[in-house]
Amino acid sequence: MKKVLITGGHGGMAVAICELLERKGGFEVFAPGKDVLDVTNVESIRNVMERFVPDILINNAGYVVPQSVKHADPSVTQKHIDINLSGVFYCTEIALQKNPDLQIINIGSSAATKIHATWSEYCATKAAVVMATQCWAADGLYAVCISPGRTKTKMRKALYPDEDQSTLMLPEDFAKVVYKAIQKEYTSGSHINVNKENVEELCHG
């Protein structure tokens with residue numbers, strides 16, 4: 001049984017990944033919410049990984065609150081960095097201390113390579129995760145970054161309440177691409193952009 005730890009475990013992406021892995025079988029999955037695993041808190045991470053040492057770490061926790069840098073709240077900026085970037089490093093570093101053969105899957109975002117005027121903190125932190133993934137691959141680890149585009153999640157609904165839901169990728173389709181990464185079907189260091197238009201091709205390619 002491969003042990004899979006998913007951060008941000010109460011989000012739509014995490015739930016879809018959990019459900020798929022349960023159907024596939026052969027995995028012990030732990031997907032705690034921030035009340036159990038606070039990715040910004042090293043002690044919280046250590047406590048979780050004392051009890052559950054993953055074979056596969058899926059860094060999924062994320063945070064976005066749009067704000068123009070012209071009148072940004074520094075505390076909001078710090079939270080973007082803490083959750084989206086520092087948390088990825090903390091979880092990965094502590095997991096590697098427990099399991100040097102750790103497999104790492106980072107959930108990025110299409111925002112890593114697209115310009116959004118009021119999303120600069122989110123875009124920048126996700127772009128940093130892409131680069132970190134490539135560096136870790138060069139450092140001899142198996143690490144891939146999978147970046148979803150517009151997806152039907154609670155977070156997306158809160159940001160764009162009037163958006164046509166039929167134009168969005170389904171989390172369960174995105175989960176299929178994550179499963180391919182779990183199976184190591186992608187070269188280490190890969191950055192895979194996934195959206196409604198290409199998800200079926202990626203799933204069956």
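You are looking at a predicted model, where local features need pLDDT of at least 70, side-chain atom pairs count only at pLDDT 80 or more, and totals for chains, interfaces and linings use all residues. Residues are numbered from 1 along each chain as its sequence is written, and side-chain values use heavy atoms, with hydrogens and water left out.

How many salt bridges does the structure hold? There are three, and each counts as one because a side-chain nitrogen of Lys or Arg lies within 4 Å of a carboxyl oxygen of Asp or Glu.

**Stop one.** Select Lys98 and Glu50, whose side chains meet in a salt bridge at 2.5 Å, N to O. This pair links distant parts of the chain: Lys98 sits in helix 3 (residues 74-98) and Glu50 in helix 2 (residues 42-51), 48 residues apart. Helices here are DSSP runs (H or I, at least four residues), numbered from the N terminus. Now check accessibility, where buried means under 20% relative accessible area, exposed over 50%, and partly exposed in between (1.4 Å probe, protein chains only). Lys98 is partly exposed at 34%, while Glu50 is exposed at 56%.

**Stop two.** Next, pick Lys176 and Asp173, a salt bridge with its closest N and O atoms 3.4 Å apart. Both belong to helix 6 (residues 171-182), and they are three residues apart, so about one helical turn separates them. Lys176 is partly exposed at 37%, but Asp173 is buried at 15%.

**Stop three.** Finally, select Glu185 and Lys180: their side chains form a salt bridge at 3.7 Å, N to O. Is Lys180 buried or exposed? Lys180 is buried, with a relative accessible area of 8%.

Note on methods. Helices (H or I, at least four residues) and strands (E, at least two) are DSSP runs, numbered from the N terminus.
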